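Please look at the model below with one question in mind: which residue of chain A comes closest to the rotation axis?

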Number of protein chains: 2
Amino acid sequence: MASPVSATRNNAADRRRPGTVSIREVAQRAGVSIATVSRTVNRIPSVNPDLAKRVWQAIDEVGYLPNTQARALVSGRSRMLGLIVSEITNPFFPELVQEFENLAVAQGYEVFIGSTNYDPARTESLIRRMLQRSVDGVAIMTFGIEEELVQKLVEREFPLVFVDAGPDLPNIRVLKVDYGEGIRQGVQHLAALGHRSIAFITGPLYMRSAVARRDAFVKSMAEIGLTAPAEHIVEGTHTMEGGIASMEKMLALGELPTAVMCSNDMTAIGVLHALYRTTHKVPEEISVVGFDDIHLAQFALPPLTTVQMSCKHLAAAAVEGLRAGIEPAHPRAASKQWRIPTRLVVRQSTAFPRGTLPALMQNASSGRRESSPRSASELRP
Amino acid sequence: MASPVSATRNNAADRRRPGTVSIREVAQRAGVSIATVSRTVNRIPSVNPDLAKRVWQAIDEVGYLPNTQARALVSGRSRMLGLIVSEITNPFFPELVQEFENLAVAQGYEVFIGSTNYDPARTESLIRRMLQRSVDGVAIMTFGIEEELVQKLVEREFPLVFVDAGPDLPNIRVLKVDYGEGIRQGVQHLAALGHRSIAFITGPLYMRSAVARRDAFVKSMAEIGLTAPAEHIVEGTHTMEGGIASMEKMLALGELPTAVMCSNDMTAIGVLHALYRTTHKVPEEISVVGFDDIHLAQFALPPLTTVQMSCKHLAAAAVEGLRAGIEPAHPRAASKQWRIPTRLVVRQSTAFPRGTLPALMQNASSGRRESSPRSASELRP
DNA sequence: GCATTTTCGGTAATCGTTTCCCCACCTTGG
DNA sequence: CCAAGGTGGGGAAACGATTACCGAAAATGC
């Protein structure tokens with residue numbers, strides 16, 4: 001009679017981490033059943049306020065934290081959101097991740113981050129891992145992903161958020177970035193300054209967004225009667241290294257443009273670097289425009305004129321899009337598209353092209369400000 | 001008799017995500033019990049090879065993925081590692097996160113990332129969230145955290161990894177970064193070039209690592225008979241903004257140093273920015289040295305001479321340290337400390353101080369290489 | 001050829017929750 | 001004062017895995 005029935009087995013609870021307290025301890029201390037504790041924690045209104053108070057006190061005393069795994073197991077909701085980015089080391093993404101995380105956590109979700117590094121095998125394993133951890137939805141922010149890899153998610157009717165484009169299915173929402181507007185502003189800004197020879201360094205062209213940005217550039221140029229020759233549209237990689245390589249290629253070709261637009265800011269920073277190495281002055285000899293407006297852009301030398309794609313907007317739309325797919329009662333549950341605006345931010349990497357009004361631009365004293373006098377209106381007589 | 005017993009209840013399985021298959025389906029299809037499936041999946045050698053093959057085939061056919069939540073619930077191990085950083089938007093950390101994640105995933109772990117943003121409330125909630133998700137261990141890579149917040153983790157005997165310093169307890173491992181060596185190399189490099197007036201911009205001094213770096217600087221200076229006046233040791237924030245502010249403060253004071261060392265690369269990039277704005281040339285007028293050697297450092301203008309703290313090393317040590325605490329059979333289970341080396345990487349932000357050998361330094365053509373001829377030996381007659 | 005050992009797979013308990021079902025009890029109406 | 005109605009709370013069955021235990025069949029010894 002010394003050992004009660006449960007002691008004969010090697011109880012699984014022995015494996016439990018010390019200090020972990022379960023709903024049972026709370027129930028015991030409060031003198032109620034575990035059902036009541038659960039109801040209290042989940043704020044079911046039917047539980048008697050006095051009892052509830054006792055339960056909360058017990059929870060406090062024993063330091064109870066509900067076990068999320070058990071919760072997820074029974075409810076079928078893990079309250080985790082997957083967030084797939086292409087490279088966490090590209091500064092654009094940490095900013096996005098940060099915003100996304102803040103919003104998700106505020107809504108009671110946890111974030112499962114993964115970067116694909118443009119590697120299909122890695123992406124595949126990432127998706128499998130997310131499925132195993134049974135995330136409630138996935139935001140695919142890589143700006144271009146192999147369709148077939150996502151198939152698994154689509155099959156399981158996972159709420160999904162894509163950027164730019166995605167299949168038209170009930171659980172899928174798409175964030176439409178307005179590439180056109182921002183890039184048009186950039187092109188017109190340069191044209192207004194007097195530039196006629198404007199080059200463009202694209203991202204990797206298997207990415208839908210890279211193509212979209214390039215097309216927006218070509219279209220904006222055409223609108224004002226300009227065309228860039230083929231050798232002035234160079235494919236890059238959306239990295240600083242790519243920016244350097246692309247710019248060096250262009251430099252080697254001779255016949256330099258007077259301005260270079262880039263598909264993202266990292267590329268632009270690479271371009272600045274390449275021009276520094278070859279002692280070309282920016283913006284005096286060549287103007288440079290980026291895209292994204294990452295935090296770093298304002299600290300580039302010179303501070304980078306760039307097209308802003310609001311990270312906050314993007315993150316907010318992603319989280320809301322996922323919630324809309326997960327929570328049936330969400331106000332925008334029916335929306336399928338979410339529009340992300342862009343706009344030009346003028347800093348100091350753009351100026352009049354060499355030869356026009358040189359005296360004005362040469363005095364590079366301190367105190368240059370974002371609202372510098374190099375605006376389109378000044379150019380017009 | 002129409003409805004069997006289980007159909008009378010509103011079965012919880014109804015809530016299951018479509019496409020999800022459980023171990024039961026596999027067992028049924030393979031014609032074995034769920035125990036056999038489990039044993040097969042976990043590669044328990046006692047299961048008959050023929051049976052195992054049948055089971056694997058069934059797994060493949062139905063597309064079974066073991067539910068991690070259920071696994072974690074029964075085993076008490078979630079196979080998740082917590083990773084706490086201070087700011088994911090500081091480029092140093094994504095690099096660390098990336099490495100950490102690669103290693104963790106290779107070992108079958110998932111990573112739960114969180115950034116404190118230097119906010120104790122946020123840190124508190126982060127730790128609570130990690131506890132709820134029952135991570136197996138936590139690496140605290142913030143280089144300085146409030147002791148009391150960690151208390152909760154310590155109490156629960158969580159395997160922990162700290163950077164720089166941590167309590168001496170059984171489950172805790174510390175990564176000791178050798179700040180001294182790298183900073184000494186930096187100071188001696190500058191001194192060898194001829195600098196005597198070297199300033200230092202620290203990190204926020206409530207961070208242990210910031211203090212350690214400053215102390216290493218002061219010590220290295222003293223070793224070669226130099227002292228920096230108080231106004232040449234300025235507190236920064238480990239951000240670009242902080243670097244700008246600190247440098248501007250120093251500029252306002254007059255009595256400029258000929259070289260500035262910074263507690264991290266972001267600060268150094270801020271310093272470069274401030275000097276650009278005030279048209280001071282780097283390195284001709286002022287030399288700048290960073291710390292960390294983030295990827296961006298080589299793309300700064302000019303490319304930044306900096307003290308490298310190997311991210312790969314740090315991440316590898318963190319993962320191994322955690323595994324050592326979690327898995328009793330780990331080869332280094334007994335180790336308490338892990339040493340992280342540092343070393344100077346010379347690029348182009350350092351040169352002879354103004355006035356000494358100016359002609360040699362002025363020809364800033366391309367082709368400057370890391371192994372430039374500005375070494376100590378050249379200086380000595 | 002029978003008894004003993006070994007192998008191998010199935011049954012069931014368990015992890016920590018949520019939630020369905022039902023039984024008390026209390027309130028209220030007649 | 002008793003029956004009907006409503007309501008709060010407890011018991012127990014899931015969720016999907018792991019694993020201790022046990023029993024049946026196969027292998028082996030004498």
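Among the residues of chain A, A:Gln69 comes closest to the rotation axis, its C-alpha lying at 2.5 Å. In this predicted model, chain A is superposed on chain B by a rotation of 180° with 0.0 Å of shift along its axis, with an RMSD of 0.1 Å (copies are superposed by least squares on the C-alpha atoms of residues with pLDDT of at least 70 in both). That is the relation of a two-fold axis. The same surface serves both copies, since 100% of the contact residues of chain A recur in chain B, where contact means heavy atoms within 4.5 Å.

Local features need pLDDT of at least 70, side-chain atom pairs count only at pLDDT 80 or more, and totals for chains, interfaces and linings use all residues. Residues are numbered from 1 along each chain as its sequence is written, chains are lettered from A and ligands numbered from 1 in the order in which they are written, and side-chain values use heavy atoms, with hydrogens and water left out.

Chain A also holds an open sheet of six strands with mixed pairing, in the order S7-S6-S8-S9-S10-S12 (strands, E, at least two residues, and helices, H or I, at least four, are DSSP runs numbered from the N terminus; two strands pair if DSSP finds at least two bridges between them). Strands S7 (233–235) and S12 (342–345) of chain A stand at the edges with a single partner strand each, so one side of each is left without a neighbour in the sheet. Strand S10 (residues 305–309) of chain A runs antiparallel to S12(A) and is joined to it by four bridges; A:Met309 has A:Thr342 in S12(A) as its bridge partner.
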